[in-house]
Every structure is written in C-alpha cells, then in structure tokens.
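Work through the exercises below with the structure in view. Each task is followed by its solution.

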Amino acid sequence: MPTPEYLTTAYSLLYLLSCAVNCTVPDTWRVKGMDLASIHNLSRFHNLSSAVYTAVEAAELGEDYKSILSSWEQEQLYSIFREEEFNTERDRLLKFCEENKIWYMPLKGTILKDYYPYPGMRQMGDNDILFDENYREQIRQWFTDNGYEVENYKRGNHDVYRKDSIMFEMHTELFSAQHDQVWRSYYSNVKARLLPDEGGSYGYHFTDEDFYIYMTVHEYKHYCEGGSGLRFLLDDYVFLKAKESSLDWEYVADKLKKLGAYDFGKKTQILSRKLFNGNFEPEILTDEEKELLNEIVQSGTFGTVEGHIRKRIESEGDSSKAKYVWKRLFPDLKYMKEYYPLCQCPVFIPFVYLYRIVFKLVTKKDKLKNEVETLNKMLVNSLTQKIKGETINGGSKQY
C-alpha cells in the first residue's frame with residue numbers, strides 16, 4: 001500500500017497531467033505547494049516527465065524555481081529532439097519498404113504521439129513497426145547498412161535494432177507463442193483487417209476501432225505480465241478524447257470480450273476519464289478503482305522486477321517461489337523453441353539449456369542479481385507477514 005506522502009505526490013502528478021493534455025494552465029499557488037522534486041522522480045518512473053513539465057512550465061513559477069526545473073526542462077527538450085530523430089529514421093526505413101514492396105504498419109506510441117497536444121509530450125522508447133516477415137533478412141540488412149546494432153534477430157515475434165538512442169522493434173507478429181493463444185490466433189492474419197494508407201502503396205493502418213482494441217489488449221498483456229503504468233491511462237484518455245464519439249462501441253465490446261480484455265478495458269477507460277477530465281478528486285473513485293490506481297502508480301511504465309515476479313507466481317495459482325526459480329532456469333520447451341531455434345532438434349536441447357544459463361550469468365549478471373535480491377526480499381516480507389498473522393491469531397510460532 002502506498003504511503004500517504006506517495007499518494008499525495010501521485011495525485012499532484014495526475015492534476016498536472018490533466019492540465020497538460022487538456023491545455024489548461026494549472027493554478028500557480030497549487031503547484032508552488034507541491035513537492036516538485038518527488039513529482040519529477042515519479043514522472044520519470046512513468047516515462048511522463050515531458051508531459052508533466054508542460055504543465056509545470058505553464059504555471060510560471062518564477063526565478064526561485066529555476067534550479068529545480070532546469071534538468072526537467074532539458075528532459076522535455078530531449079524528448080522533442082528524440083521524437084524528431086525517431087520520425088526521421090522511421091521515414092527513411094519506410095521509404096526503403098515502399099521501394100522494395102514490403103508492407104508495413106507503425107504501431108502503438110508511433111501513432112499515439114500524434115494525439116497529444118504538443119511534440120515530445122508522449123515519450124517513446126522505440127519505434128514499433130509490424131512488417132512482412134518474408135522480408136526479415138532485407139530489413140536486417142537495411143539496419144546494419146545504416147549503422148544499427150542487431151540486439152535481437154529471429155528470436156520471438158520481433159527483432160530489435162539500436163543506434164545510439166534510437167531503437168526499433170520490428171514485429172513479424174503482434175503476439176508471440178509465449179502470449180495468450182487466443183490473442184495470437186486472432187491476430188495471426190492481421191493484414192486481412194488492415195486498411196491501406198493514403199499516398200503510399202505498402203503502408204497500412206488499423207481502423208480506429210481495431211487500433212483501440214489492440215492498444216487495450218497489448219496493455220492488458222503488460223498488466224498481466226508485470227504491471228502497467230500511468231502512461232497507458234493517459235494514452236487511453238487522449239485517444240478517446242479524439243475518437244470516442246465516432247467509434248463503433250458494439251464492435252469494440254464484442255472483440256474485447258472474445259479476447260478476454262473487456263473488463264480490463266472498461267475499468268481503465270472509466271478510470272482514465274475520472275483521472276484526466278479536469279475534475280479529479282480521490283473521493284470520486286470507488287474502492288476498486290483506488291486499488292487499481294495504487295497498483296498502477298507503483299508499477300512504473302511497464303512494471304517493476306517485484307511486480308514481474310509476483311505476476312508470474314500468481315499466474316501459477318498456488319505455485320511456490322521455488323517453482324518460479326525452476327521455471328526461470330528451465331523455461332518450457334515451447335519458449336526454448338521460439339527463442340533458441342536449435343531446440344527444434346531434440347539432441348541439442350540439453351546443451352542449449354546449459355548455454356542459456358551460462359550466457360545469462362555472464363551477460364545479464366546485474367539484472368539477475370537484482371532479480372535474486374528482489375525475490376529474497378519478497379520471501380522475507382512474506383515470512384514476516386505470516387509470523388505477524390499467526391501472532392495475531394493466537395501466539396507466535398517457532399521456525
């Protein structure tokens with residue numbers, strides 16, 4: 001449960017985000033009464049510092065706040081510059097696709113950023129693009145020819161390329177074999193439901209309804225896997241602010257029910273409207289909405305290490321933490337075949353498992369250390385709660 005101080009920071013952040021996306025000027029006296037350092041940290045945790053600064057800047061706090069806001073301003077300027085870099089590189093890639101008759105579709109933040117009032121407000125971690133899998137090698141060649149490093153290739157449903165601060169995730173499928181198979185099946189022949197872009201021969205896009213459906217299911221995936229943060233709720237609000245009145249809601253509801261994301265979509269839609277329509281007060285939230293908001297606020301953009309561990313354990317029902325560790329060391333064969341093609345040949349399977357463990361220990365040492373420390377902390381906290389519970393229910397028990 002978040003502390004009262006943390007919730008105060010979160011509610012102040014929500015107020016500023018509401019001002020930013022609705023292009024209203026926040027009350028200067030109210031902003032001056034906020035803990036701006038804590039708000040700045042929380043906005044970075046959710047990848048929302050640029051959007052929040054838009055509102056803080058509009059409050060015109062004066063010279064006394066210059067030192068507090070200088071680094072924050074630089075983050076906003078960097079976000080604007082980075083968006084321009086992303087746009088330039090994406091245009092170059094898509095020109096290559098057009099010239100080589102490769103169909104493609106930009107995804108997620110690449111589209112959503114244009115629903116925000118100002119450039120750079122919707123911070124992006126990468127360019128997500130769905131493309132024709134038959135041209136995977138040609139796309140790889142384009143990236144290497146243009147100075148990108150290959151971080152992931154033919155492992156899972158997307159390839160990853162990076163050059164300095166620019167990253168592309170090139171998707172061959174919207175969901176991989178590791179995701180819900182209902183989702184994967186529904187989107188297996190996604191091109192059949194896409195519309196061609198105007199002014200090009202090989203670019204495609206979703207209808208507004210299908211874009212919202214995919215946006216909701218994709219975020220539900222993140223929520224189920226490890227947590228999802230405030231940026232999604234803000235995306236939901238700005239998209240629906242522009243499109244809600246024109247959407248075919250019967251179609252949207254029907255598809256979300258089939259994909260098992262209807263309840264999640266309904267809850268987040270209502271919550272986003274309450275948070276960002278300019279009239280938010282904590283009292284208007286139900287207990288269930290407060291609980292969901294608390295979870296989202298503590299999750300960061302795509303969840304924390306602890307959140308990922310807890311979600312994985314919960315997905316196994318009454319599974320123990322020991323089983324979690326075992327499955328992390330030895331994932332199921334379906335996963336191994338998708339990410340390590342040598343596992344298609346049974347004789348190589350034991351060696352690939354061994355290679356994976358050694359490789360992770362060498363290349364992901366800090367990440368693994370963090371995961372182990374987090375798991376140990378969770379075990380201690382769980383044991384402490386158990387002891388407290390048994391003490392309250394009739395005396396302590398020796399362990």
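The model is predicted: local features need pLDDT of at least 70, side-chain atom pairs count only at pLDDT 80 or more, and totals for chains, interfaces and linings use all residues. Residues are numbered from 1 along each chain as its sequence is written, and side-chain values use heavy atoms, with hydrogens and water left out.

**Exercise 1.** Find which residues of helix α4 are buried.

Solution. Helices (H or I, at least four residues) and strands (E, at least two) are DSSP runs, numbered from the N terminus. Buried means under 20% relative accessible area, exposed over 50%, partly exposed in between (1.4 Å probe, protein chains only). By that cut-off, the buried residues of α4 are Ser49, Ser50, Ala51, Val52, Tyr53, Thr54, Ala55 and Val56. Eight of the ten residues in α4 (49–58) are buried, so the helix is largely enclosed by the rest of the structure.

**Exercise 2.** Work out which strands pair with β2, and in which sense.

Solution. Two strands pair if DSSP finds at least two bridges between them. β1 (residues 104–106) and β2 are antiparallel, with three bridges; here Met105 stands opposite Leu130. β5 (residues 166–171) runs parallel to β2, with four bridges, and His171 of β5 stands opposite Leu130.

**Exercise 3.** Is Asn146 buried or exposed?

Solution. Asn146 lies in the loop between α7 (136–145) and β3 (149–152). Its relative accessible area is 18%, so Asn146 is buried.
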